[in-house]
Amino acid sequence: MAEPLGNLTRTHTCGALRADDVGAEVVLLGWAHRIRDLGGVTFIDIRDRAGISQVVVRENEALMGVAKRLRSEFVIGVSGVVQRRSEDTINPKLATGEVEVLSRDIRILNEAKTPPFQIAEDSPVSEDVRLKYRYLDLRRPRLQYNMSLRHRVTMAVRKYFDANGFLEIETPVLTKSTPEGARDFLVPSRIHPGEFYALPQSPQIFKQILMISGMDRYFQIVKCFRDEDQRADRQLEFTQIDVEMSFARPELVYGLIEPLMQTILKEIGRDVALPIRRMRYADAIAKYGSDKPDLRFGLEIRDLSEVFRDSEFRVFKQIVADGGVVRGFAVTAGNRYTRSQIDVLVDQAKQMGFSGLIWVRPGEPPTSSVKALTEATLRAALERAGASKDDLLLMAAGPADNTSKLLGQLRLAIAKKENLAGPDSFEFLWVTEFPLLEYHEEDGRWYSMHHPFTSPLDEDIDKVDNDPGAARAKAYDLVLNGSEIGGGSIRIHDAALQSRMFQRLGISDEEAKLRFGFFLEALAYGTPPHGGIALGVDRIVAILCGESSIREVIAFPKTANAVDLMSDAPSPVDAKQLKELHLKVQP
């Protein structure tokens with residue numbers, strides 16, 4: 001039976017006791033972590049989020065009786081005196097391992113059912129079980145560390161922006177639906193039948209209006225919502241560090257965010273070398289096959305087209321003559337691969353979509369999967385690819401972007417197989433000069449690569465009308481270890497240019513007024529040049545924690561099927577609620 005807390009007041013957390021506390025009277029409150037009954041003496045490990053302390057029960061029949069009733073995860077209060085452990089019982093694995101508490105009183109504040117998995121041990125448990133009993137999963141050291149680091153990161157972010165003259169301003173959660181990109185979550189209005197609010201995919205328009213309002217420097221740690229398919233790095237609701245400032249240029253944004261990254265990584269005792277490397281989008285695609293390249297290892301893709309322009313290998317020669325490319329990369333120490341291992345790579349490449357993958361082994365003479373290639377051609381290809389005698393050259397040919405993107409997938413697969421990306425290395429990169437627009441064949445129209453408020457480069461403004469596929473944006477992504485952790489741009493601040501952009505996107509004046517009328521009106525009242533960025537809190541913290549999924553750094557995440565197993569959401573609502581909202585569910 002549970003006992004009342006009464007006047008029991010905690011003096012120390014369970015992770016705080018040290019040798020300096022010997023002789024002190026203490027009160028610890030927490031969970032029974034482990035109980036070891038040795039007959040004449042019982043040891044109880046008591047746990048809270050700060051750590052574990054050992055409690056000793058001996059020579060007290062009443063307390064021994066209480067100790068025998070204890071089970072794992074009972075909530076208890078312990079009062080006693082701190083004493084030094086004997087030399088042979090010191091536990092160096094615990095921060096409190098030099099001392100223990102000789103108990104004078106133990107109070108059972110609440111009992112607990114037997115948990116469906118071990119809290120005291122980080123043993124494997126299926127994700128569905130962990131998410132169903134998330135309140136128990138959150139008691140385990142791994143997630144307690146993750147939540148603690150997340151807190152420290154967000155606190156550091158707030159202090160940083162405050163010190164740099166930013167105001168944290170809240171923007172609406174119930175707002176207007178302006179569908180562009182992912183699907184909105186809609187919220188029906190009871191007061192206005194048949195009308196809906198939307199949960200924000202981002203505070204984009206509102207933070208731009210704050211610049212029009214003269215707020216000058218804004219930030220917010222904000223929840224955003226997108227009704228999109230779930231992945232390891234995506235959730236229906238996610239948190240971002242949202243930033244906007246007036247009179248911004250890309251260089252000012254970089255200069256603000258780079259020291260912030262230093263501040264954040266200090267929370268795990270790491271440093272960031274500044275300035276962070278920059279790479280144009282076109283170069284990232286060509287050299288790494290991705291707009292978020294992982295730079296923790298080499299395997300840079302090289303253009304080998306000139307080697308094969310007049311080659312005896314007709315397939316490659318024809319592809320280059322038709323405007324395609326031959327590209328490849330050297331696999332570090334890949335010359336040790338057996339023929340069967342290379343065959344596995346070739347099969348893997350075909351599954352990725354390669355029409356063919358050519359390999360070349362250095363040697364005297366070099367050898368290749370294509371017998372028609374001469375020794376001179378093979379040597380030229382190896383040299384241009386920067387391959388050493390211990391490497392293996394892999395090559396493919398076809399349209400430029402597609403060839404690099406396929407090689408980029410293969411590059412990542414090899415790096416994972418060979419463990420080339422160390423978990424303790426952190427490589428940042430700014431990717432710049434993204435295409436402003438991308439064309440979708442299925443509906444025959446242009447879409448914004450980022451969002452419709454992104455400004456083109458000054459020298460590319462005329463291309464918005466004349467050559468939209470060649471127009472570049474004042475947009476930039478921040479990449480860490482192959483993950484996009486932030487994206488931003490300099491915004492369009494001129495109402496006429498914003499209207500031109502809407503027209504290029506196939507949005508009529510009438511539709512633009514309906515969807516963005518309040519914003520277009522605001523632009524006409526003296527809008528300063530402005531820009532900013534949004535950084536993904538979940539992704540950043542997951543990388544710092546060494547987690548492969550952002551679910552491990554979110555307290556109450558959804559599953560891959562977009563379900564909250566703990567609260568059983570989403571779920572039906574009763575007919576009365578639907579009637580009040582003027583809704584009817586179609587079968």
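Is tyrosine 476 buried or exposed? At 1% relative accessibility, tyrosine 476 counts as buried, where buried means under 20% relative accessible area, exposed over 50%, and partly exposed in between (1.4 Å probe, protein chains only).

The legends below describe a predicted model, in which local features need pLDDT of at least 70 and side-chain atom pairs count only at pLDDT 80 or more, while totals for chains, interfaces and linings use all residues. Residues are numbered from 1 along each chain as its sequence is written, and side-chain values use heavy atoms, with hydrogens and water left out.

**View 1. Tryptophan 430 and tyrosine 476 form an edge-to-face aromatic pair.** Rings of Phe, Tyr and Trp (its six-membered ring) pair if their centres lie within 6.5 Å; planes under 30 degrees apart count as stacked, over 60 as edge-to-face and the rest as tilted. In this pair the ring centres are 6.1 Å apart, with 85 degrees between the planes. Because tryptophan 430 lies in strand 17 (residues 428–432) and tyrosine 476 in strand 20 (residues 475–480), the pair ties together parts that are 46 residues apart in sequence. Helices (H or I, at least four residues) and strands (E, at least two) are DSSP runs, numbered from the N terminus. Tryptophan 430 is buried, at a relative accessible area of 0%.

**View 2. Phenylalanine 161 and phenylalanine 219 form a stacked aromatic pair.** The model has 15 aromatic pairs by the rule above. In the pair shown, the distance is 5.0 Å centre to centre and the angle between the planes is 20 degrees. Phenylalanine 161 belongs to helix 4 (residues 141–163) and phenylalanine 219 to strand 9 (residues 217–225), so that distant parts of the chain, 58 residues apart, are linked. Phenylalanine 161 is buried with a relative accessible area of 0%, and phenylalanine 219 is buried at 3%. Ring pairs also join Tyr160, Phe161, Phe166 and Phe219 into a cluster.

**View 3. Phe161 and Ile257 have the most contacts inside the largest nonpolar core.** A nonpolar core is a set of buried Ala, Val, Leu, Ile, Met, Phe, Trp, Tyr and Cys residues joined through side-chain atoms within 4.5 Å. The largest one has 42 residues, and helix 6 (residues 250–265) gives the most to this core, with eight residues. Leaving out residues up to four places away in sequence, isoleucine 257 touches Phe161, Trp430, Leu478, Ile533 and Leu535; contact means heavy atoms within 4.5 Å. A second, separate core of 32 residues includes Ile285, Leu429, Ile507 and Phe519.

**View 4. Strand 18 and strand 19 form an antiparallel hairpin.** Strand 18 (residues 437–440) pairs with strand 19 over four bridges; two strands pair if DSSP finds at least two bridges between them. The bridge partner of glutamate 438 is tyrosine 447 in strand 19. Four residues lie between the strands, and glycine 444 takes a positive phi near 60 degrees. The charged end of arginine 445 sits over the ring of tyrosine 447, 3.8 Å from its centre. A charge sits over a ring if NZ of Lys or CZ of Arg is within 6 Å of the ring centre and within 35 degrees of the ring normal.

**View 5. Glutamate 237 and lysine 558 meet in a salt bridge.** A salt bridge is a side-chain nitrogen of Lys or Arg within 4 Å of a carboxyl oxygen of Asp or Glu, and the count comes to 46 salt bridges. The N to O distance here is 2.8 Å. Glutamate 237 is in strand 10 (residues 237–246) and lysine 558 in the loop between helix 16 (537–545) and helix 17 (575–580), 321 residues apart. Glutamate 237 is partly exposed at 26%, while lysine 558 is buried at 13%. Elsewhere, salt bridges that share partners join Asp122, Arg130, Arg134, Asp137, Arg140, Arg142, Glu547 and Glu552 into one network.

**View 6. Arginine 10 forms a salt bridge with aspartate 48.** The closest N and O atoms are 3.6 Å apart. Arginine 10 lies in the segment before strand 1 (25–37) and aspartate 48 in strand 2 (residues 41–48), so the pair ties together parts 38 residues apart in sequence. Arginine 10 is partly exposed, with a relative accessible area of 45%, whereas aspartate 48 is buried at 9%.
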